[in-house]
Amino acid sequence: VSQALNTSDSSTPSSQTVPTATTPSNPTSSSSASTTVVVLTDEQKQQQLKILKAFNEQKLNRYIIDYLLRNNYSKTAKKFITPTLSLSVPSKSEPTFDSSHNNNLNNNTSTNNNHIFNTSNNTNNNNNETRIVKTDSYLTDIGLFGTYHTISSSLLHDHNLSLALSWSTTNASRLSKFSSTLLFHLHSLSFLLLPASSSPLAYAQTHLSPFVNTNPALLSQIQSLLSHLLFPISIPSHLSYSALTTEFQNDFLQLYSMTLNPFSPLEIMLQAGVILLKTEACIEEDRSKITGKGRECPVCGGGEALRRYSSKLRSRGSRGSRLVCRISGEEVSAGGVVWVAPTGWGYGEKGVEKSVGSRGDGKMECVMTGQVFRLDQLRRAYIL
């Protein structure tokens, strides 16, 4: 798409080329080199901004979809999935997405044909063409998270080990690459739940003993489990259904290279944004005292839920700082005038003028404390 934006149709001059001279790489060479700089028109710049905006919206949608799927809101997640996106880009005989595959998601067809291209030459004489670009339909993990929640529910609510054992056995070789003990723990719990009439010793020899060959450290745990045959023991905490559910979920996400709970991509991006915006000054409890651009700050002017969320995160470790007037919301530059009220809060010159003008009695109000002062009570501060 970027190549299409940087070129133009031969019949319509949509961009300007400016040749600029460059220094030859070999000073002794008599040949000169030149570089052609492509200057985009306003229309092409608007197309680039449109594509960038669409890309950011798609990325945010995928983060939201991932978060919803992790929390088993699959019906809501499907509402965020947009199968196609129409973009108007400069016409050129470059590969375009074939729009005949737009309904793959709705028809539940295989995703192997998502990257379908139409390389036929474009004979349209118009300057722009509409390309159908597939978006979220093949970049979501609805199927994976369906398996994820089905097995989790069977473990946590139904106390059924069969689905988890079947999945762990199928992916045993892949799980062993990061030293997973899920399959061993599932077999351990299954061993403890076996009645005496079901030959638990034979079960241990078949399903537990082989783990010693790959992980000798498990021998002591197997010996502890075998003592259950003589002296019945309670189920250890690490073999409880809730613990096994958490272990399964972590191994499942790690197997498919996903971030572990609770750090979904949406959670990570939200924390990064809050930390970037949060400063030591974002501690005011009374939101009504925040005026100007302070209301636009998600930490200072956000809702109660975001305030509680941001309170658990640290502020950014910025070495520099900026002075922003709480009244005008404007930044005070290095050469600006700052007036400090007797309360210790400083305000810019425009903020003081705005406060005095709004009152009409020649006094200003400190918006942080609500106290009113005469102008001769203000002290000027100098920014070093």
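An open sheet of three strands, ordered β10-β9-β13, occurs in this predicted model, with antiparallel pairing. Strands are DSSP runs of E with at least two residues, helices are runs of H or I with at least four residues, and both are numbered from the N terminus. Two strands pair if DSSP finds at least two bridges between them. The edge strands are β10 (346-348) and β13 (379-381), each pairing on one side only. On average, neighbouring strands of this sheet are turned by 40° against each other, direction ignored. Axes are lines fitted to C-alpha atoms, for helices over the stretch in contact, and angles run from 0 to 180 degrees between N-to-C directions.

Strand β9 (residues 338-340) is joined to β10 by three bridges, and the two run antiparallel. W339 stands opposite Y347 in β10. Helix α14 (residues 349-359) packs on the sheet and touches β9 and β10. The direction of α14 makes about 90° with that of β10. Contact here means heavy atoms within 4.5 Å.

Residues are numbered from 1 along each chain as its sequence is written. Local features need pLDDT of at least 70 and side-chain atom pairs count only at pLDDT 80 or more, while totals for chains, interfaces and linings use all residues; side-chain values use heavy atoms, with hydrogens and water left out.

L244 is found in helix α11 (residues 241-255). L244 counts as buried because its relative accessibility is 0%. Buried means under 20% relative accessible area, exposed over 50%, and partly exposed in between (1.4 Å probe, protein chains only). Neighbours within four places in sequence aside, L244 is in contact with L155, L161, L182, H185, L186, L189, H238 and L239. L155 lies 89 residues from L244 in sequence, yet their C-alpha atoms are 7.5 Å apart.

A nonpolar surface patch of about 450 Å² is made by L201, L229, L230 and F231. Patch residues have over 30% relative accessible area and no salt bridge; nonpolar side chains (Val, Leu, Ile, Met, Phe, Trp, Tyr) are joined within 5 Å, like charges within 9 Å. A salt bridge is a side-chain nitrogen of Lys or Arg within 4 Å of a carboxyl oxygen of Asp or Glu. L201 sits in helix α8 (residues 200-207). L201 is partly exposed, with a relative accessible area of 44%.

The protein chain has 14 helices and 13 strands. Of its 384 residues, 32% count as buried. Among contacts between residues at least 6 apart in sequence, 61% join residues at least 24 apart.

Note on methods
Areas by Shrake-Rupley, 256 points an atom, 1.4 Å probe, with all protein chains shown as cover.
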